[in-house]
Structure formats: C-alpha cells, structure tokens
There are 2 protein chains.
Amino acid sequence: MAQKPSIPKGTRDFSPAEVAKRNYIIQNIKKHFETFGFMPIETPSFENSDTLMGKYGEEGDRLIFKILNSGEFLDKFNSLIIQTIKSAVIYHHSAVVYLNENEASISDLEQYKSQFFNDFKDHLKSDKEIKNLGSKISLDDLVSDIWNFLIQHTVQTDELQDSFIEKNEDDLDEYIFQIFGSFYYDLEYKYLTEYISEKALRYDLTVPFARYVVMHQNEIDFPFKRYQIQPVWRADRPQKGRFREFYQCDADVVGANSLLQEAEFVQLYDAVFTDLGLKGTTIKINNRKILSGIAEVIGAKHLLVDFTVALDKLDKIGEEKVKAEMMEKGISENAIAKAQPLFEMTGSASEQLEQLKTLLANSEVGMLGVAELEEIISTVGMIGLQSAQLQLDVTLARGLNYYTGAIFEVAAPDGVSMGSIGGGGRYDNLTSIFNGPDISGVGISFGLDRIYLVLEELGLFPDSLDTSLDVLCLNFGKQEGLASLKLVSSLRQLGLRADLYPMDAKMQKQFKYADKRGVPYVVLLGEQELAEGKFVAKNMKTGDQKAYGLDAFAQFAEAVKSDF
Amino acid sequence: MAQKPSIPKGTRDFSPAEVAKRNYIIQNIKKHFETFGFMPIETPSFENSDTLMGKYGEEGDRLIFKILNSGEFLDKFNSLIIQTIKSAVIYHHSAVVYLNENEASISDLEQYKSQFFNDFKDHLKSDKEIKNLGSKISLDDLVSDIWNFLIQHTVQTDELQDSFIEKNEDDLDEYIFQIFGSFYYDLEYKYLTEYISEKALRYDLTVPFARYVVMHQNEIDFPFKRYQIQPVWRADRPQKGRFREFYQCDADVVGANSLLQEAEFVQLYDAVFTDLGLKGTTIKINNRKILSGIAEVIGAKHLLVDFTVALDKLDKIGEEKVKAEMMEKGISENAIAKAQPLFEMTGSASEQLEQLKTLLANSEVGMLGVAELEEIISTVGMIGLQSAQLQLDVTLARGLNYYTGAIFEVAAPDGVSMGSIGGGGRYDNLTSIFNGPDISGVGISFGLDRIYLVLEELGLFPDSLDTSLDVLCLNFGKQEGLASLKLVSSLRQLGLRADLYPMDAKMQKQFKYADKRGVPYVVLLGEQELAEGKFVAKNMKTGDQKAYGLDAFAQFAEAVKSDF
C-alpha cells in the first residue's frame, strides 16, 4: 500500500476539538429532549433493503447506500442460473414428449403451459439447493423468464437434454452458457443487483422509527415520545455543507393527536437554541391543510404539489418567477390571480390568520388548517418563548407529500446566511407503510452540521471546550515520575482530567505540549519538590505559582475546579 | 409491502431502557478516558476499501462489509467492456494489416506485440469515456486480458471490424457478446466485484485510527492520547453475544515509549470497573517478548505462532491437549518438555517472574520481556488498585501477530461466566501499514456488550436508570391542560424531566402510563386546583400528596431533586 491514505469523498474525520464542539451541541439537544420527556432509542445502521426502498421516491432510492452481501455471491448466483436452466430444459423436454405422444404439435405447448410450468415451479421450489441459492431473488420471476424463453425461441430441448448426459459438469456449464448466450446475460443483469445486496444503510431516522414502532408495538406504551441521535448516509453528490455521512437529531411523538404537541415542539426549539446562546431564531410554521385549502379555492386542487413546490421557492426566486413556474405547470392565470393574497400577506400571525380566513372561507380543509394554526399559536403565546420568535409562513411547504398537518422550519438569526437549521411537522400515516396501526405522529429534527457552522460563525462555542486537560504534571525522570503518577491518580479520582507527560523530555517541549492542549494548570514535581514532599502548581493563564504538600492534592483540586 | 417488518440478522434495536443502560456504561468509560487525559476522535463509518482490505488477514477480509457503488454500475461496467473490446479489435486489425504489408505472418504478431499493444493501451488511457468508466478497476489488466485473447484465439479481427461498420449500436453490442461469449463472461466475473464496490464499513477502530494518525500527523501533537467510541461491523455468523454491529470503546497512546503508559492502562481498567461497581475483576498481563523468549529457549522459534496459539488454549482445553496440539504442529517432545515450567507456574506475580528469569536466562528478548513486566507490575503496585487485581498470565497470547510488548486481558469477577470484558497491548509498527512514521502505540478496549451482560447478571445497574421522567402532569382538559403546560415548562427550565399527558384521557389510563414510565411524581392540576391557583404533587412511591401554589414550582422542583 504505497499511496497516501485518504477517506471516501463526502465523509469526515473529526479531531478532538471538533468532537468536543459537536458533543456540546448534541448534549444540549439531548438534555432538552429529555427534560421534554422524550426517550432515546437506537436502530441498526443498516436495514433490510425492502424496509427502505420505495419510501423516499425514485431519487431517494438511488441515494441509498446498498451493502454487498458477504461471501462468494457471484459463483452462487451463477450456479443458481445454471441449475434453473437445466431443470427448465428437462421439464420442457418432457412436455414435448407428452405432446408428441398425444399427437399435438409443439406449438400447442402454450395451452399446456400451466400444467408443465407449475409442475416445474413446484419441483424447483422443493429443490433444496436451488431454494438455498435463490432465497434472495424472486424465483417465480426467474423461472417464468426461462420458461418463456424456451417456448418463444422454440429451443430444441430434446437435443439439449441428450447433450447434458454426455458432458461433464464444467463442460456442461460452458455449453449452457453458449446455447443461451445473451439471454443468460439478460438474466444476470435483471437479477444480480437484487441478488448481491439485501441490506442498505439508514437514509434517515424516520422510516426506521416507523419500522421500530410497528415491530415493537406491543412493548410500547403510547403515546410514545422517542428521540434518536444517530448518523445517516446518503449517496448524494458531496458539496459544501452536504455530506454522505451526517447525524440526524430527531424527536417525535406518536399516538397523540392533541395540538399541545405542536406547541411543545415550538418550545423545544426555543429551549435548545436559547441554551446554545443562539438568540433570535425564527420558527416558521404553516399547515398542510392551508396549502390544500388554497389549492382548492383557486381551483387547482389537482395541481396541489406543483402549486406548493413553486410557492415554496418564493424566498429564493421571487414572486414573478414563482408565478411563471405555476403557469408552466398548467395553473391558470385566473387561479394565480385568486392566489394573489398569498403574495401580499403581511402583519402579525393573527393578522395573517384573519386574511387567510377571508381567502379560505369556502374551503373546509383550509378553515381546519387555520383553526389548528390559531390554536398552536395561541398556546405558544400563552406560555411564551425565551429567545425565538414564531412566524406564520404560508409559503412553507417542506416535504409536502409527507406532512398532513403542521409544518415547521427554523431559520438562523438574521445576518447569518444559512439554510434551515431544523424542521418537522405532523404526519398521519407513517406506520401504515409497514401495515402498522394508523398512528398519528409529529416530530422535529435539528440540523447538527448547520447549527455547528452557525455557532462557529457567531463565536458561540464556550471557551472551555478548548480545554481537554485540567492538569499536566511535567515529567522530571523516573523517581519524580512515579510520585507524579501517584499525584495524578489522586487528582483523577477527584474527577479532574489530569495527566503526566509520558516521558522525561526537555522542559521546553513539555511546556509546549501543555500550551497546545490549553492546559490551565501545570504541576512541577522535580527532585527538590520530591525531597520536600510538595509540588508546585503553575496557573498558565496568570503565571502564578503555588506550592502544595503532596497530601494536599484535594485542596489543589478544589482550586482547579473553582476556575471551571 | 405486505410482510411484517424485520431487521437484518445480527443487528439490534435498542429500547429506551436498553439505551439508558448502554449509555450508563459508555458515559462511565468516557468519563475515565477523559480524566486520564484521552481526547475523542471520530472517523467515518466507511473507509476506502484499500484502507481496510488486507489488514485483518484473509478471514478478516471476508468479514468486511462492502458497500455497493451508487449509480447504474452494471450498465457502466458493460459499456466499459464493450468499448474496450471494440478498440482492441480495431488495433489488432491494424496490426494484421501492418504484418501483411510487411510480408510477415499473423503468427509473428507476438513479436510486434509491444508496439501495437502499447499504442493501443495509450489510446485507451487517453480515451475520456473509457477512462471515466474504468477508473475503478485496473485498466492495464483488462486491456492485457483482451489483447491476449485476440492473439491466442487468432480471432479474425478483419472480419469483425468490417461487421462493426455495418451494424447499429445495439446490434453491435449483441454481436460482440456472441463472438466473445464466455470470455466476455470471464472478464465480468474477474472485474465486477472490484468495479462495484470501493468502500467498506469499519471493521475495528484500530486501523482507522492508524489511518487517521498518518493522514493528520502534521496537526497532531505527540504523544497523542485518543479515545474513540463508535460502532464497527463484521459479517460474522451471528451467535449469542456476537453481533454484526457492535460498539468498540478504545483508548490508545501513540508516540510514547514509556512503560508508565502500560501502568496507566491497568489503572484505567481499575477506575472504570470500580466506578461501575464491578469489583473483583482480574487484569491479566503478559508480554509478547516473553512468549518469543520461551519459543527461543525451547528451540521452537520458527514455530512461535503455533506454540502460542496452542498455549493460549490452556484455560479451555487443559495441559494434555495443549501439548498434543503442539506436537501436531511439529514442536518436538523435547522442546515441550523444556517448556514444562510454563504449565507449573504458581505464586504471586513476583514469584512467577523469578521462575521466568530462570527459564529465560539465555534469551535476550525473553529477559527484556521479564524486565518490562517487572517494571509495570511494580509501578502499578506502588500506586495501588481500587478493586481489580493484576495477574501475570504467561499463557495469554491474544492477537499475537499484532502486539509487540505488553498484552492485557480483563476477566469478569469469579462466578460470572463470560469471556474477556476488555483487552489490549503494545504494538510497534501500526502506522507503518500506511507508510506512516514508525510510531509505537499502546491501547486497550472495553467490551461494551459483555460488560452490559455482566452488570445485568450481577444486578449492578442503578435503579435510577429505570426512570425516564421525573414528573408527569395529568391532563384534565383544555383549560387545566394549558395551566399544566405552563407549569411543566417551568419545571423543565429548572432541569427536571417533566411532561403533560398529551390528551384528556381517563385517569386510570394516565396513572397506568405514569406507572409504566416509572415516574416518581405525578402532578394533579384539575378544575378545583386551577380555581385555587395551586397544584397537588403525589409521590408515587410513598403515596404522599402535597399541595403547592402555582408560583411555588421551584420549591416543588427542589423536593423532586432531593430524591435523586
């Protein structure tokens, strides 16, 4: 291995300083998740492919990292195809013999297909070797493909079968391969991906959570408030701020319909961001039902998705372009004109709600959305927020196909250019994708990487994170080193992060190391100190030195802790 | 999706109660890693395949989970092979023309191979499309394979080339496939695995750490004490206690040769297990140099690995069978007789060291091992251990090919049947596998899953882990609910884990929920309490009830906290 080692694109190493900062954010989020009554669960990093595939749309399926089955899959796959072809030929041949005996022509085979074909299928399914080899793919489909090929190409299976007898195993494989040529190759391409991979890395935390709820529904006490902080993986093109491995921090409640939940999530955002010192965040809120109502009253109900996808871009591309996109998608000029109030919404949340009531007066679903929003906003208003502001934003769409009620998104304080640092909403049918009970859920997510960048930009990480060691004992040689180790051991037992420089190096080198690790206290325990039964502690910030008796380590520990 | 959802074999979901217990262990280990001056790093879940492959032996390579490249790899792979064959045919044809013009026969082609073949290779490598398609495999090898096939099979490339011109793209692919038949298929099998996977899931934390140290050597201040607690994945056959996804908890020092490190790791084990309440663990210690010395003095130096692999089984299979295995491996009866003292080692560590000094008197490396062990044991003895005992075990081998000095292994307290719950040692050349500087390292690992099982068996998890909520406010309806939410919000801001039951359900149901979550305090804030401006707190253990004014929440919070 001659090349310089590297890591896959879109992934990251985290240095101690970075881990400290990331953990600071994670611990903060975790603490508030817990004070809000959420409980942690963890799910495996990879799930069965069919748990994930088809849950994120076509684009999502493409971005799921698939894991190769272990073992010599290509050989096994090959054997499976060969075995299945062999059996098909034998069955086909007996079908032909039967037809001849009954004076029917080979072109009548189609009529008899079900009889022979089903016998053949049953035979294959009871064949232990084939069952074993083929457990990962749809054997039914494979068998049908082969059978149809034999019939459609009027393959002379009598000749084939005769030659099967003459040839040894290896020659036979080769022979079959030559006879079936490109058809063989088609089969391979059709079934190989399915055959070689049956597990995939988690793409988000929501689908695994839904799977968890369905699998464990009998052990769970509903309403179930769960949080989950784990990495997810996406085979997306890496970009600035977009990674192939990143953490999601999710909290969800399932089994509770009350709108109190929505109010609590607004408070939860406020609690976390306030605690992180990130004041002035904006929690945007909307409701899927309002979007449905608008589409309804302007007569574009059938174009709801196109309408909201366009509307969602108002921030980025402006009113004119949004309207142009809507027209392009087939929404009439008249409909767009009716939606004009949306583009002119102003004032406080309650003023906007009044405007919406006028606009949506004739839409039942729309008025329901307004009522829900009104209740959430009034509940939050009653309890109050510490540092965030709640803002109604009727253009907020976010994962529309997914959410059925409230929609949330959090924007960083003004002046920080960053996409949303959190988002979520209410969904009604999450567990039904796994045939689970139809449980309503609502949840939010924190964007760890973006929050990190915002705190970094605003200088909000506490200085104490730079310190990974409270006390460093310098190493003056063997005897002194042993005494120092004993002192260090005592300090550690009192909870201090303490260390002895591991070797007897030059003082300058040892001080430089102390400096780089940002150690606030350096302890000197040299020959003289040892003889006098004491040690000297140097405060690296002030330069002050103080001597302590070797037994007075607890007193020193108190002094160090008082600086925290 | 009709089937009941499941998770891949060898993986696990963790419920809130399990996560709480796992985190209890992890936080404990982490705390002591930090008081011992270790700093956290994190590395990506997947690495480039060539970072991992070949580092764990043949068996290890097989157990590494490979990740499928994203995108339509089969189509691309197919295009690559077709394109390369086409180019080869064209070049081969011009070679034949050249030979004809120069009145040489086609059998002389071998002589001219380098001329035409190298031209051909250069052409291919400058072909952007092929370069792009083939970036993941060794194009040189592929091209050689095709060229050799053309020559060895005296393929009529002139005819082929003519037919290339007549056919359209699709027909041509099919035609090429038919002509090359099984050769095409051989190519596919030879190059496909390499082509479809270039990333693999982390198999342990040590190799990624070595890669990290080499990649970041200019940013790291040595000696570097790092810890890392992350999951690893192995495609091992799942068994009781053996999983395909599990956490490793590693601490290593690199760049420090002093034996003080070894002594510190013994203390670290002692600190963690003492803190977990797991008293009476045995920290076994040995030294690779002693094993080398023994093999040397008994004249079986060349059979060191076989000798120690057999010796390592003494605990499990007993003296007779160990000796039988040694003989089977070619170690002479005479040599085994010389090793007899090993089987009869008794007494304290220092007594055993004396016996070893006699046995190893003529082995330089062996005596070095004894001296190292002596120093470590005496250092540990001087500082003392809290609850563990240090035990010399000359039969301990553990990852012999890897360790070069001290070897550690921790056994659970007597009476608990469980394999080792931790292990480690010193290695000298870790980073050299990545052409890094030759840095000595020493490290240990904690076995999270096994520690979990031991704590569970001995009932050592604190009861407090069962509580995931400190206060549950019952829900008496809309008005009371709002007042409760305000109270809950105040309690949360004081750091309590508090919640309002999310809906106005039957009291019995709400109390049952409180019970299941093990909530110590339930708050009642019904119509009457609300009218009187107070709430009632019920201690669920004692049944005592106490009323507080709505503004006196801080007083209540203190009462709750005093129970912690």
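1. Two strands pair if DSSP finds at least two bridges between them, and with that criterion in mind one can turn to strand β15 (residues 534-539) of chain A, which is joined to β16(A) by 5 bridges, the two running antiparallel. Within this pairing, A:A537 has A:K546 of β16(A) as its bridge partner. It should be kept in mind throughout that this is a predicted model.

2. These two strands belong to an open sheet of 5 strands in chain A, whose order is β13-β12-β14-β15-β16 and whose pairing is mixed. Its edge strands, each pairing on one side only, are β13 (498-500) and β16 (545-549) of chain A, and neighbouring strands of the sheet are turned against each other by 25° on average, direction ignored.

3. Helix α20 (residues 478-493) of chain A packs on this sheet, where it touches β12 (471-473), β13, β14 (521-524) and β15 of chain A, and its direction makes about 170° with that of β13(A).

4. Chain A as a whole contains 23 helices and 16 strands, and 57% of its 564 residues count as buried. Among the contacts in chain A with a separation of 6 or more, 71% are between residues 24 or more positions apart.

5. The largest nonpolar core has 100 residues, of which B:L356 and B:F446 touch the most other members; helix α11 (residues 260-275) of chain B gives the most to this core, with 8 residues. Leaving aside neighbours within four places in sequence, the contacts of B:F446 include B:L268, B:Y269, B:V272 and B:F273, as well as B:I29 and B:I451. A second, separate core of 99 residues includes A:Y56, A:V266, A:L268 and A:V322.

Key: Residues numbered from 1 in each chain as written. Chains lettered and ligands numbered in written order. Predicted model: local features only at pLDDT ≥ 70, side-chain atom pairs only at ≥ 80, totals over all residues. Heavy atoms only, no water. Core = buried A, V, L, I, M, F, W, Y, C linked by side-chain atoms within 4.5 Å. Buried < 20%, exposed > 50% of the residue type's maximum accessible area, 1.4 Å probe, protein only. Helix = DSSP H or I, 4+ residues; strand = E, 2+ residues; numbered from the N terminus. Contact = heavy atoms within 4.5 Å. Axes fitted to C-alpha atoms, helices over the stretch in contact; angles between N-to-C directions.
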